[in-house]
Amino acid sequence: MKLEKYIDKDKKRRKITLISISAIVLISVSLLLYKTFASFTESAEFPMMKGKVDYFGNSDVYFAFYKGNDKLDSMPLKDNSENLVFNYGECDNGASIVWDSKTWGPMVKNLSKSKTKCSLYFKEKSSIEICNKYGNDSALCYITKLGDNDYVNMAYDFAMANNVLDNNLRYIGSNPNNYIDIGDRDSEDKPILWRIIGIMNNMISLDNGENSESLIKIIRADSIGNYSWDSSASDINSGYGVNEWSEADLMKLLNPNTVYSETPTIGASLYWNSENGSCYFGPNNNTVNCNFTSIGLSDEARMKLSKVRWNTGTFETRDVSKWKVNEMYKAERSNNNGKACYDTSLSTCSDNVNRTTTWDGYLALMYPSDYGYALSVNNKNNCFNKLMSNWDSENCNENWLNTSNIQLFLTPCPNLGNNYDVFMEQGTTKLNTRSTMQPDVIRPVGYLKPSIKITGGTGEIGSPFILEM
């Protein structure tokens, strides 16, 4: 009998213990769920696209609103006294946000699960700071104001390098209205158009000292032809050129000879001065005739360009697993140069050129990150975290900077087997590398002086923005 009583008491104790543990677990899970969703409010008032339901009832979507890192009690009104505008949004469960500036609300795409949480981030209008600094009639003010309300053709990249958030405003998508007339004319006196890549912050302008400025970055709408990034004699890197921009043949072709110390006998400032002559084309310093008298820079256009400090850094090694947009932006601004092969017994590694990670001048080429950040809103959520080398297979093709031809980028690529690789866009939207001697599509890139104004036009190809000093 005593043994049976002991067994019964032990069973009761175990039962009580089990119930207590279950209660603790239930309370813990409840608290966790509460904390997870406490910052989010259920909403049934916003439209959505391509979801599995046509409303936000029944706890399908929860929203939280922020200004920077500070949580807001509610979503700011369209014309709020704090001058807040939508910055960006993010959701879990694979859903994404597209902001509708007309209805002032988020469009949720790919909603496939309930309990989806979306965070909407707002910021003070960038145009307030820009317009106060550069004037209400400046092109910088004009473009930034467009960006305050256009979330389809323009976007902030939130790019960060060296612990500095640059937060550049860029034109995105398949064909935004970003055409400009900087004063160039062809042989028939028709405008030679350029396009605005975006507004780049924290740029070092060298026009009047070394000043940090916000500058409008532009790219020629069409190619000026196919030429080598660089070439070399047959005994230097097997004649395939050297991936150092400060001494590159193409740099000398695009810029005035005042930005480099030695005037070359071939390609000397021909594009900058709208002249004709010979340009490098292929290995072993091969050349072809080139004529820029009708497609080169005009006096008016040259006056509008700013001399700036360009970043010419790259990755430490040729590591394809890092070829993502944000990582590329950081690498371009790093202290790593493109020279990775020091085995001078290899004919492809035989140059003695010193490498740099900055260069001061007027015209260069676009960065791989410029190409990456130009993706449309639809592509961003699918492509930003995927390797740029795989973009062709990921349908990452809504990008106005794509020409369907191989075009060369400014950034060198380190390679243990040679010292002549640079990045390029393969013409199928994917990122790849190319030897500098390969003659490919060249689209000059530069920065406008901050004193530039927009006096007309809509940015469409038939009505480009008209620029004046």
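Are cysteine 91 and cysteine 118 buried or exposed? Both are buried, where buried means under 20% relative accessible area, exposed over 50% and partly exposed in between, with a 1.4 Å probe and protein chains only. Please keep in mind that this is a predicted model, in which local features need pLDDT of at least 70, side-chain atom pairs count only at pLDDT 80 or more, and totals for chains, interfaces and linings use all residues. Residues are numbered from 1 along each chain as its sequence is written, and side-chain values use heavy atoms, without hydrogens and water.

Let us follow the disulfides, each a pair of cysteine sulfur atoms within 2.5 Å. The count comes to five disulfides. One of them joins cysteine 91 and cysteine 118, with sulfur atoms 2.1 Å apart. The torsion about their S-S bond is about 110 degrees, so this disulfide is right-handed. It links distant parts of the chain, from strand β5 (residues 84–91) to strand β8 (residues 116–124), 27 residues apart; helices (H or I, at least four residues) and strands (E, at least two) are DSSP runs, numbered from the N terminus.

Next come cysteine 279 and cysteine 290, whose sulfur atoms lie 2.0 Å apart. Here the torsion is about 85 degrees, so the disulfide is right-handed. Cysteine 279 is in strand β17 (residues 276–280) and cysteine 290 in strand β18 (residues 287–291), so the pair ties together parts 11 residues apart in sequence.

A further disulfide connects cysteine 383 to cysteine 396, at 2.1 Å from S to S. With -100 degrees about the S-S bond, this link is left-handed. Cysteine 383 and cysteine 396 are both buried.
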